[in-house]
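Here are my notes on the structure you asked about. Please read them with the model open beside you.

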Amino acid sequence: MKMMSEIKSEFGFSPEEDDEELIQDLNELPWDRKNIIMQYKTYVLYKDKYPVTEGHMLFVPRSRNFIFIMDCYSEAYKRGILGIDEKEWDSFNIGMNFGEEAGQTIDWPHIHLIPRRKGDTKKPRGGVRNVIPGAGDYK
């Protein structure tokens with residue numbers, strides 16, 4: 001198992017909160033500013049340019065800092081729960097594509113919140129396992 005200090009040198013993520021400067025100029029991030037929903041200290045919330053479902057959002061950290069990435073996961077989870085409580089959707093998926101084989105197309109960490117609604121797919125069983133055809137149909 002790798003130590004956190006090794007992760008930065010290999011992947012560019014820093015484990016220490018003060019290790020990297022925050023991006024202040026949003027033009028440095030590879031997303032269209034017109035899709036910004038809200039800006040926060042450690043992340044920017046965007047509408048996905050190619051939404052899978054209505055309400056698909058991206059939680060984009062202002063740094064590759066590991067702590068900020070985890071903050072995005074936490075905030076995506078809280079927003080997903082709020083969406084259920086407010087009856088915006090029935091359930092949700094949260095995920096990250098890391099690397100070309102996983103489908104990553106933008107070289108910056110970001111967390112997807114994909115709202116799910118009853119009937120949006122015939123067989124929802126397996127959830128994210130369905131990224132590999134047939135892998136979601138397990139028993």
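**Notes on the model**

1. N65 is buried, with a relative accessible area of 0%; buried means under 20% relative accessible area, exposed over 50%, and partly exposed in between (1.4 Å probe, protein chains only). N65 sits in the loop between β3 (57–61) and α2. Its side chain reaches the backbone nitrogen of I67 at 2.7 Å.

2. A word on the source. This is a predicted model, in which local features need pLDDT of at least 70 and side-chain atom pairs count only at pLDDT 80 or more, while totals for chains, interfaces and linings use all residues. Residues are numbered from 1 along each chain as its sequence is written, and side-chain values use heavy atoms, with hydrogens and water left out.

3. The overall layout comes next. The chain has two helices and five strands, where helices (H or I, at least four residues) and strands (E, at least two) are DSSP runs numbered from the N terminus. Along the sequence the pattern is α-β-β-β-α-β-β. Of the 139 residues, 35% count as buried. Among contacts (heavy atoms within 4.5 Å) between residues at least 6 apart in sequence, 46% join residues at least 24 apart.

4. L26 is found in the loop between α1 (4–11) and β1 (36–39). Is L26 buried or exposed? At 2% relative accessibility, L26 counts as buried. Leaving aside neighbours within four places in sequence, L26 is in contact with R33, I36, Q39, V44 and R62. As for V44, it is 18 residues from L26 in sequence, and the two lie 8.7 Å apart in space, C-alpha to C-alpha.

5. How many salt bridges does the structure hold? There are five, a salt bridge being a side-chain nitrogen of Lys or Arg within 4 Å of a carboxyl oxygen of Asp or Glu. Side chains of opposite charge can pair when their charged atoms come close.

6. Two other salt bridges deserve a look. E88 pairs with R79, the closest N and O atoms being 3.0 Å apart, and E88 is partly exposed at 34% relative accessibility. K34 pairs with D32, where the closest N and O atoms are 4.0 Å apart. K34 is exposed, with a relative accessible area of 64%, and D32 is partly exposed, at 35%.

7. K87 has a positive phi of about 60° although it is not a glycine. Most residues other than glycine have a negative phi. K87 belongs to the loop between α2 (66–85) and β4 (91–95), and it is exposed, with a relative accessible area of 71%.

8. The largest pocket holds about 790 Å³ of space. Of its 31 lining residues, the closest to its centre are V52, H56, N97, H112 and I114. The elements that give two or more residues to this lining are β4 and β5 (111–116). On a 1 Å grid over the protein atoms alone, a pocket is an open set of points where a 1.4 Å probe fits, with protein on both sides within 12 Å along at least five of seven lines; lining residues have an atom within 4 Å of a point. Grid points are joined across faces, edges and corners, and the volume is the space filled by probe spheres set on the points.

Terms used
Polar contact = N/O pair within 3.5 Å; in protein donor to acceptor, adjacent residues only side chain to side chain.
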